Structure formats: structure tokens, C-alpha cells
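Subject: Structure handover

Hello,

Here is the structure for you to look through. My notes on what was found follow below it.

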Amino acid sequence: MLRSAFPYLALLILLGAVAWSLSFGTLPPADFTFCNGTEIQSVDPAIVTGQPEGRIIQAIFEGLVNWDPRTLEPSPGVADNFRRVTVRDERGNETTKWEFEGLSDDQLTYTFHIRENAKWSDGTPVTAHDFVYSFRRFLDPMTPNRYVFQLTSYVHNADRYYSPSMLQPGDPVEIELYPERDLIGIRGKVLRGYTFVERVLQGEAPDPEDEDAPPRQYLYILEKDGNQHRFLAGGEPGSVPSDVTVCRQVLLDFSEVGIKAPDDHTFVVTLKNPTPYFLTLMGFYPLFPVNERCIETYGSPAWTRPENIVSNGAFILKERRLRDRIRLVKNPHYWDRDNVRLNTVDALAVESYVTMLNLYESGVADWISTVPATSVKTLLAEKRQDFQPSPMMTVYFYRINVTKPALNNKLVRQAISLAINRQEILDTVTGAGEVAAYSIVPPGIPGYTPATTAPYNPERARQLLAEAGYPGGEGMPTLEILFNTSEDHAAIAEMIQQQLRKTLNLDVRLRNEEWNSYQISQQQLQYDISRSGWIGDYLAPNTFLDMFVTDGPNNQTGWKNAEYTRLIEEAAAGLSDIQRDTLSIAVGVAGPVSIPTRMDLLHQAEVILMDELPVIPLYFYVSKNMVRPYVHGFYNNLQDVHPLRAIWVDEEAKRKFWEEHGR
Amino acid sequence: MGWFIIKRLGWMLLTLWVVYSVSFVLMRSVPGSPLSAERKVSPEIEQNLKRRYRLDQPLGVQYWDDLRRIVPHGDLGASLKIQDFSVNEIIAQGFPVSASLGILALAFALTLGLTAGIISAVRRGSLADFSMMTIATIGIALPNFVIAGIVIILFVFLWPLFPPGGWGRISNIILPAFCLGAPYAAYIARLTRTGMLDVLSQDYIRTAFAKGLSERTVILRHALRGALLPVVSFLGPAIAGVLTGSLVVEKIFGIPGLGVHFVNAALQLDYPLAMGLVLLYTTLLYVMNLLVDLSYAILDPRVKLH
């Protein structure tokens, strides 16, 4: 019976399965569709780092300031105490720009006025307290936050809040108990009124090399009303003596940190040192506000679900299909909703650049953020109006391990840099109009002139190598160029291998490694020369130059230069312009002020860097967006950010365009 | 038969435990950390990140904690890279996609493969046989991405019938299902042909013809059943493979299935996601092989299950 029915049964199952696999829920098409690269890690502003994440977070959240889509100038966001001023440049041209009105005279205190009509997507007002909550959460050591230095480096006491190791006896502290509900990312009950006495490491100090050692626990001895209390941070309840209270963590009392909300519409941030680009940082997505009620109700990551999330940006997260698309819809509560012209936006998660280009060419996507390297030349040759590569704040460079023999000699490093013909690389390998780099800081940062190293000069290169004691490359050890697996990196390394062999008679080998091992090799200085790249986070030279301070986590070259580090630190602690004016009046300096400006100090630092050359800059990237002509409000800029709130689609032109182009 | 199934399921649990343990050791011995990024963070931030994802615990503790979470509840934990979703949710979203694509690819492979295989076996040595087997050989030899490239040029750009990628509509699924199914169709065609030729020379087929049955009845009723056995045993692992997704086809057509997750999880050291997918694949493979064994018993009366 079963045997004779089996073929029919199998057929029936197969047909049923096919019918199921062809049933799809329908989603109406969006006004605007773009390819966003890989699937995003999260929509939680505090915990992510990448560009695709940034595009989504910028659409659904809004910070204190917005970056102007054209110039990246900080302009009104949730904070509205800006005024429009007219400035005249050297050539007498008048331009208008936004001027922030909340900066104190000593340039240390930023007072933001939270606009009255700023609303969360559930209709409740956005207040200064929301920013205090968000900034505190950003600084919480339990928030897995890689960008925490964006506040700890600048804001008064923010680093002491993040690092309990910096607590001093007498500091007021806050004790966070474990939350009652078993949720990640919510705050436990907080006890205040204690002062710090001592912090004791429990058990034996673990061997830092031993990865299998149990995590460290600290016992905090605190004082309240003259009595001592003991708290164990990170312990298990029940396993401790009765006079010890188990808690999650002990931190500096947050009221000590320079982040305050005197009333609902006033948010005050106090800095350690004047930081001219601090306002720009407030428009960078990690510092966008998150909704307290939403997070404390649902915990992480449940609060990020479309059905739970409460946000304050121009768009709302409507639907998330993993590795397929993110559907955004216009936020009806957004204060500037009248100027948001897109109603629905689809961000497609597409990993393959070829697929992106296919989707663009067939009209599925209206904007793609990059194109495959192999198509660049064809697209440029066709002189496509919708493909206009434009410079951005990203540098491709080689790190040199200065702890290696021969490479520890400055002259050898200079010879190598002089022997590299960057233009040849750009002409043959990359070819999208990238710019040869002779400095680590890309050009285009207002007020800053990059310091450069000498361009290609084979004669001089040979001469320097001889001076270093290796005439004709004799006695030079074999060098190895390390890069992570990628066709482009390999092609560039091969070309440099040839150039160094031809010009300096150096024996160069190539070594490619998978992403993870490559990073370890680079961090542990197990390389001679290593491929690197760096994307600037904000329009200031520090975002590049801070990397190479002595023992900085991103130095990774073994290079130590006290003068360089001093200049960078001095620039960070720099005098404000007003302090400098007062100082020059006090010492009676007339005419040009002889005290160097912050940009001068940074320039001097880069001069040292470009003379010592622990890193050899090769080229600056260009952005490779393709955008349809019927898309408006899209501007190329140095950071390659294109806020969706400014973008709109001319439907009539779109229809016409596709009629002409056959779809 | 009931006892047979229970016994096999028991073995499956043991296999899953061994796979879990071996994968755990292998994943943790890969150099690098899931938290490493091009932008290196200060040691203090790194310590806090580790603590948050419980990667600061000794390996033994992590092993037992993970196991205790998986065994009673089937909770595979939280992905380290796709942080807004748990591994269970990632599988719940990706598996139906891979399964839809896989089922269609298989349906296509079976229809085309069986037809071609039967015709070439019956018309052995004819031009039809020769050309179909040539195509089948090419189909096996040609990698997916070449087939995908060809069909995209043909059916997306030259003759714009289908979108080049994406997911959500029936038109999205046709091209990738074809590309995914093509090599399977080729295999099935060759297996069917070999099986048919083997069966057609058997005595009982001659008897059937001698009884005066039509060619059609003999082939479909008597020969095909025997010829299907090698195809069925091929289908078990093939279904498991096709259901868990294909990296290449998913990447080219931008399909949100499990194949790309599989590879990315391994490359990015996303331990929980990689583990979840390995366990899923093990289970599927085991279940499919069990079904193949059961269907053997139905198709071939000589097979007895122990």
C-alpha cells in the first residue's frame, strides 16, 4: 500500500514545497532604494563603527547638530541655538555660515538649547535629560563601545567615569547593583552618597599572557557617614562574606562629569581643553540620543526591533529583513518633517559590488555607494555623468616596523618612500582618480596644510640608501610586505616590490594573510612593511595624527618620538584663541602672534612624521558613488556621508528616464 | 521501524555533541578574536568589550555555559556581529529563504535531470542521448558563478526578464534557483541514465516487455523505480546542502539565505553563529540521511531496516 502510494506522496510533498517556496509576502516598492553594503551590525548608535551602520543611524536618529550635506559644516540639529552669519573670505567673496551661539568665552563650555519642537517617534518631547541619559550610557564601561574616546578624550571627567582605575580617595562614587530583570543593557539600581577609599584586586593578579585566567574582580572599600562599606564588583551573590555587597560596578559619580541638564531644554557639556572640532563631533552618529524608556523597558537588543524602537530622526525603522533590506518610513513627529521629501526608503544589504552595479544598472537601486574595482575604468571611459569619483578623508599607507634592522634607520625609510612611484600605481592598479599621497593627512581640512614628504626620486633614493650604509642595496636584509588578502592589495604590493627591486636593488617578498591573522601580525609587530588604511572620523588632522603617538594603540609601528607626542598633546591641550589673545596682550606682543596655533602644532608634528617616515603614505581614496540624475540633494563630500533627510527623487524625471532607457 | 528511528535519533544526539565539541575547539584555536577590528582600541576598552560578550571567561566555563544554554532550550545565543538578532532569529529568517530557493532548485533539478536521464537511457547512443549527456557533463564542470554570469547577461541585460538580484518576489527566485539547481540536474541526469541502463538489462524488464506491456508502462512503472535508488541516495546529502544555502549563488543574486552567514561567521569568528549553523547543518544532514534510508526500505523490498 505504502509502496505503491509512495511516488504520488513524494510528488505531492514536492509540489506542496514548491508552492510554499513561491509564496511571498508583498512589500510595496519604496520611493528611493540604495545599496548599503554589508548587513549592519546594529542600529544602536553607541556600539557600532561602520559606514553602512552610519547611514541607517543618521536616518533614524538625530544628534545635537547636523552636518550640512554639502559642506559638512555643523548646522542646527536637535540643538537650535545657531545663527546665520555672513563671512567674507580673503578674496572678498561673501558666504553665509552657521555660527553656534552656546560656546563660552573660554571655549570650554558648550550650552546647547534643545529645540522645543524636537520629538521622539512616539510623540514625546526630546529633552536635555535624554542627552544626559544617552551620553552616560555611551560612557558606561558595560556598553560595548569602541568610540568611547570621542567623549573620554575631551569631556571633563569623562575618562574618570569610564575607568574605575582612575578613582582617587575622596571621590564621590555611584554603585550600580545588578538589575532585577534578567536583561542585557538595562541599568540596575544606583546607590549614591558614598566616597571612594580603596580598590583591591581579588585573588592573585592574573598573568596577562594567560588567556584562560578567570576575569578580574575588584573589592571597593567606600565610606558613607563615617562608616566603611565593602562592595564586590562583578561577583556572584551568595559567594561573599555577609559584610560585602555584590554589585555590578562602582564608578565615579556621574554628577562629577561635565555633562549636565539644568532644565529640559538646556544641555551643557564642559570640556577639559578647548576643542575646535567638538561641535562637529556632536554630529557624528555614536553620540546620537537614544530613548531611555525604550531601552530600560526592553533591554538590548530587543529595543532595536522595529516594533519597539523609539527614535528621533527623520525616518523610522519600519522593517528589518536580515541581509535583504531595511525599510525606513518618514517620521511623522520629526520637527523638520516638512523638508523631508522621501516617504519610504529601502536600504538593501548587498555584499557583492558586482551585484550592486547590476541592481543599479537594471533600475532596482537609485544609489550605490561603490562600484567593483574592475568596472571603474569602463565607467570612467564612458564618461558617465552619474559616476563622479570625489576625494575623501581616507588614506592608504604602508606601516614600517621601525624595530627591525635596517628599517630602524630613517635614511632607509626615506629611500624606500622616494623609490615608490605612486603615480604608476594609481595609473595601473586603482584608476578611479585616486590622488597620490605624500602626507598622512588628506588635503581639504579647513585651516590645515598637510606636511609632505618628497615625491618619487630614484636618484636621491639610491643616494640615501648608500648614505645609510647599503650602497646598491648591498647588505640590506630581505624585506617582506604584509597585506590582508585582496586582489587590489596584492597588485599594489607586487608593483612596489618591482619598484624597490628596480630602483634600490632590494629583495622584497610578499606575504598575504587572512584579515584576523593580518591584524594580529600588525599589532604584534610581526612584519617588516604592512599595508594599512585609515578613514578620518571628523574634519580635523587629529583623526589621522593621533594614531602615531608613542605607544598609542593604533601606532603599530614601534615608532616612538617624544617631540611628536609632545606636539600632539600640546595641540590637544592647546590654548583657546581668546586665551592666546589675552596672553599676547599680557606679554606685549604686537603684530603677528608668535604663539603657535593648534593647527601649527599639528603641522609641526606631521613634519616630523613625514621626515621620520614610520609610515609611507601611498594614496588618498576617492568615493565611488553612482547616483541617478533624478536623485536630488546628494552631494559628494570629504567624509562620503549623504544624509537621507536631504535626498529627494524627482518622480517625473525618474519615469521619463526609465522610459528612455527601456524599462 | 520505530525502534530503528529511535536508535538513529539517539546516535544523532551523540553526533551533535561530538560536532559541538570539535567545532568549539577548532573555532577557539583559530588565531584572532571576534572583537578585533582595524581600529585598535585601548586595552581597557578591549577588556570591557570582552567582559560584555563573556569572552573573558575561561574556555572551560564558556564550553559548559554554551552547552547548558543550547541543550534544554535550543537557545544558540547571541551573534557577535549581527548584534540586534539572536542566532535563533538569524536562522529563523535565513532558513526559509535558503529552503525556498533550495526546494525550487531541487524541483527544477529533479524534473530536468530525471527527464533527461530517462530519455538518454532509453534512446541510448542517439543524438539526443549524446547532446544531453554533453550538456550534463558541462553542467557538472561549470561552476555556479559562471552559469550565474551567463544567465544574468542573457536574462537581465540582453533580454530583461528578471531583476539581477534581491528577494521578495517570484521573479527574484527563478534565476538563482536555476543556477543552484543546474549542477544537481546534471548529476541527477547522469545517475538516472546509469541506473536506467543497469535496470533495463535486467531479466524482469525483458519479462515485462515479453508480457506485451507498452514501453511507457515498462519504463515508468518497472524500470524507473529501480533506477531511482542511486538518485535517492544522492538526494539526501544534496537536500541538506541545498537547504542550508549556497555561498556563491546567494552572493551573486543578493539573496538573504544562510550560505553567506555560514562563511561570514567562520571568517569573522562569530562563534555563536558559526556554531548554530554547524549544528543546524549536522541535524539536517542526519535527518535527510535517515529519510533516505527509510525511503530505501519503501522503494526496494529487499532492504530491511535494523
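**Helix 14 of chain A**

Strand 19 (390-400), strand 21 (479-484), strand 22 (508-513) and strand 23 (529-535) of chain A are among the elements that cover the buried residues of helix 14 of chain A. Please keep in mind that this is a predicted model. Helix 14 of chain A spans residues 515-523, and its buried residues are A:Tyr518, A:Gln519 and A:Gln522. Viewed down the axis of helix 14 of chain A, these buried residues fall within an arc of 100 degrees, so they line one face of the helix. After helix 14 of chain A comes A:Leu525, with a positive phi near 55 degrees.

**Helices 16 and 18 of chain A**

Helix 16 (residues 562-572) and helix 18 (residues 598-612) of chain A pack with their axes 9 Å apart, at an angle of about 160 degrees. That angle makes helix 16 of chain A roughly antiparallel to helix 18 of chain A, since angles over 145 degrees count as such. The crossing of helix 16 of chain A past helix 18 of chain A is left-handed. On the helix 16 side of chain A, the contact includes A:Tyr564, A:Leu567 and A:Ile568; the residues they meet in helix 18 of chain A include A:Leu601, A:Ala605 and A:Ile608. By class, the residues of this contact are 9 nonpolar, 1 polar and 3 charged.

**Helices 7 and 9 of chain B**

In chain B, the axes of helix 7 (residues 170-200) and helix 9 (residues 215-243) come within 7 Å and cross at roughly 155 degrees. Helix 7 and helix 9 of chain B are therefore roughly antiparallel to each other. Here helix 7 of chain B passes helix 9 of chain B in a right-handed crossing. Among the residues in contact are B:Tyr184, B:Leu191 and B:Gly195 from helix 7 of chain B, and B:Gly226, B:Pro230 and B:Phe234 from helix 9 of chain B. This contact has 17 nonpolar and 3 polar residues, and no charged ones.

**Contact between the chains**

Chain B contributes 53 residues to the contact, and chain A contributes 49. On the side of chain B that touches chain A, at least two residues each come from helix 2 (43-52), helix 4 (87-122), helix 6 (144-158), helix 10 (247-253) and helix 12 (271-299) of chain B. Helix 4 of chain B gives the most to that side, with 8 residues. The side of chain B that touches chain A divides into 29 nonpolar, 13 polar and 11 charged residues.

Regards

Definitions and conventions
Residues are numbered from 1 along each chain as its sequence is written. Chains are lettered from A and ligands numbered from 1 in the order in which they are written. This is a predicted model: local features need pLDDT of at least 70, side-chain atom pairs count only at pLDDT 80 or more; totals for chains, interfaces and linings use all residues. Axes are lines fitted to C-alpha atoms, for helices over the stretch in contact, and angles run from 0 to 180 degrees between N-to-C directions. Helices (H or I, at least four residues) and strands (E, at least two) are DSSP runs, numbered from the N terminus. Angles under 35 degrees count as roughly parallel, over 145 as roughly antiparallel, 65 to 115 as roughly perpendicular and the rest as oblique. A crossing is left-handed if the near helix is turned anticlockwise from the far one by less than a right angle, and right-handed if clockwise. Two residues are in contact if their C-beta atoms, placed from the backbone, lie within 7 Å. Ala, Val, Leu, Ile, Met, Phe, Trp, Tyr, Cys and Pro count as nonpolar, Asp, Glu, Lys and Arg as charged, and the others, Gly among them, as polar. A residue is buried if 20 or more other C-beta atoms lie within 10 Å of its own, exposed if 12 or fewer, and partly exposed in between; C-beta atoms are placed from the backbone. The arc is that of the directions from the helix axis to the C-beta atoms.
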